[in-house]
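Colleague: I would like to go through your assignments one by one. Tell me what stands behind each label.

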Amino acid sequence: MKKAVVVFILIILSNVNAQNRVEVREVNIETEFYDVLNKTRLEFILINETGRNNLEGNIHFNINKSAIITDMWLEIDGELKRAETLARLTGQKIYDRITRRHIDPALLTKISNGAYYLRVFPVNSNQIRRVIIEYYSILETDDNYFPEWTFDKLNTKVNITITCALPESSYVYINGIYANIHTKNKFSLTTPTRIQFNFFKEKKPVRFYKNDFVLWQTTKETKEFVKIINSGDIPSYLELVIEHIKNKDIFFIEKEDTNIFLNSFIRYLVLKYHIPTFYHDEAWNWAYYKGHLTYFDQYIMLYSQKPSHANYQDLYCPYLNIFYNYLFGLNKKIDEQKDLGFLTLDLSKIVLEENKRALQIRESELKQEEERIKQSMSPGMEPDFQPDPYDSEMELMDYIFIAYDSSPQPVGGFRAIQKNLNYHSFTARKDLQGRVVVNCLIDENGQVARTKILKSLHPVLDLLAVNAIKSVEWKPATQRNKPVKVWIGIPVVFINDDIDNSQIESDDNKIVKISGRILNRDFDIELTEQNFFYEVGFDRANNNKVIVNSEPSFDILFDYPELIKYVYEIIYIYKVKGLGLLHNGQSIYFESE
């Protein structure tokens, strides 16, 4: 079975108005392969032909998701000036302050794995600016086809120089021309370019080495290895992890998370079931397992542990240690990461002109950064944080307003939501009457993808409102007869005009009992300062009581993963003191810490 490997770069200018933008005139790529290991030097030639001065050149571009950017240079007055690595926010503040003074800076930030944003200023009329970026990567594999090395919607000249060092019996197609490669070969090409590598399943795996550092490429099929990524739906994520454990699948999970419940549950699973874990989100397919460095994707498996068989092919890689240093640098503090120079989501690369004012601005922002760090480490103090519009492309897209022809509609009308509130007794207290307003993202499939409370009455009532909205079917919004995802504000009304107040169970208004349907189960709810939820049928006198963030609790949830969503949403999202669930004939009481 052959393995197919492709590298691609997709470059898109962010400017919308073509008359007022800086163009990419030329892209030069020098790329070097040692089997699946890759080093690339990417050069952008920008030009301003608008007739206007002081324009900014900005480029969004995508490279390999496993890419590790190590260096950047900007040409200033005919000489290449190397970038320094700073904290992301500090780099952005320096750039913004300097551009107002028409001093030469360039800024590179990482948006997500494989996605980057480059800004260069100024690019004056008919001026040419040159930026060089250097990165290292593992080739991403695909089992069916090879897209071209493409440049989208750009009338751009692209020059590609390829140097290959591949093991025996490997071959490469360059624009459809077959080339058998055993030693280093160099190709100079122009677009359109189609680069295709095929590595046959070898009896002898490849042994990459540099000095004492070695990575072994195994011949083992890796389709059985699954990488489980936290999509943000914590209960579904944990249910999937538990399913893979019970199926005895080989898989990797993210090591840490800021969510207390998820983090504790993951640590419990890792220790008890010996699960391989990712060292860091940004490490892409790298993992640290049983003291050994590991890389895997659908077809490639690399180990720092020697395989059981002794047959292999040697291939020297001069930059092998880059991957090791990058991975272990991710767990270091920001200051130490800056010294290593790798670009991550927390860092930026910036080039500054040797200008007195630019250096003063740099020193000023570095001092402010020190103050922000001190404040964030002081009890009761919040760090000086400013949201970054490029932190998450997915988040940005979710909040962009989309014009639609028809709005999303619940099947059965909005009365169906009120009907599904399903509460039969309620308090006469005025502070617990009124409207809960929920902002909902209804996706293209008519699913409630996300919710946000715009107007709250009480955490319990907010929960009832959200669950009532989720319990009905939705017709998605349409734009030109195509379904689109949009945000919609939905009011849910809580009133008690038709309730006989004599039937309300209360203790001088200190304890008020209501009922509601939550996540397709019926609950009796005691409204107090901390609130208690008991599923209808729960035995208060005879139950299994556990602290929610403890090993006994995790043991139960491992056996019954369908309960995770109730424990997480009711206790952690809505801060409920106790949750009584009836499951498989057992009464289980989860108490918050």
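This is a predicted model: local features need pLDDT of at least 70, side-chain atom pairs count only at pLDDT 80 or more; totals for chains, interfaces and linings use all residues.

Colleague: Why is D35 called buried?

Modeller: The cut-off for buried is under 20% relative accessible area. D35 has a relative accessible area of 2%, so D35 is buried.

Colleague: Where does D35 lie, and what is its phi?

Modeller: D35 lies in the loop between β3 (23-34) and β4 (37-47). Its phi is positive, about 55 degrees, although D35 is not a glycine.

Colleague: Take N211. Why is N211 called exposed?

Modeller: Exposed needs over 50% relative accessible area. N211 has 63%, so N211 counts as exposed. The residue is found in the loop between β18 (206-210) and β19 (213-217). Phi of N211 is near 55 degrees, a positive value in a residue other than glycine.

Colleague: Which peptide bond is cis, and what is its omega?

Modeller: The bond that joins F121 and P122 is cis, with omega about -15 degrees. P122 lies in strand β10 (residues 115-123).

Colleague: Now the sheet. In what order do the 6 strands run?

Modeller: The order is β35-β36-β37-β39-β40-β38, in an open sheet with mixed pairing.

Colleague: What makes β35 and β38 edge strands?

Modeller: Each pairs on one side only, β35 (512-518) as well as β38. From one strand to the next, the twist averages 20 degrees.

Colleague: How do you know that β35 and β36 pair?

Modeller: Pairing takes at least two bridges between the strands. Here 7 bridges join β35 to β36 (residues 521-527), so the two strands pair. They run antiparallel.

Colleague: Which residues of α10 (residues 551-559) are buried?

Modeller: S553, F554, I556, L557 and F558 are buried.

Colleague: What do the buried residues of α10 pack against?

Modeller: Their partners include the helices α2 (234-246), α3 (260-273) and α11 (564-573). The strands β38 (544-547) and β40 (586-591) are also packed against.

Colleague: And α11: which strands does it lie across?

Modeller: Helix α11 lies across β35, β36, β37 (532-535), β39 (578-583) and β40. It runs at about 160 degrees to β39.

Notes: Residues are numbered from 1 along each chain as its sequence is written. Side-chain values use heavy atoms; hydrogens and water are left out. Buried means under 20% relative accessible area, exposed over 50%, partly exposed in between (1.4 Å probe, protein chains only). Helices (H or I, at least four residues) and strands (E, at least two) are DSSP runs, numbered from the N terminus. Contact means heavy atoms within 4.5 Å. Axes are lines fitted to C-alpha atoms, for helices over the stretch in contact, and angles run from 0 to 180 degrees between N-to-C directions.
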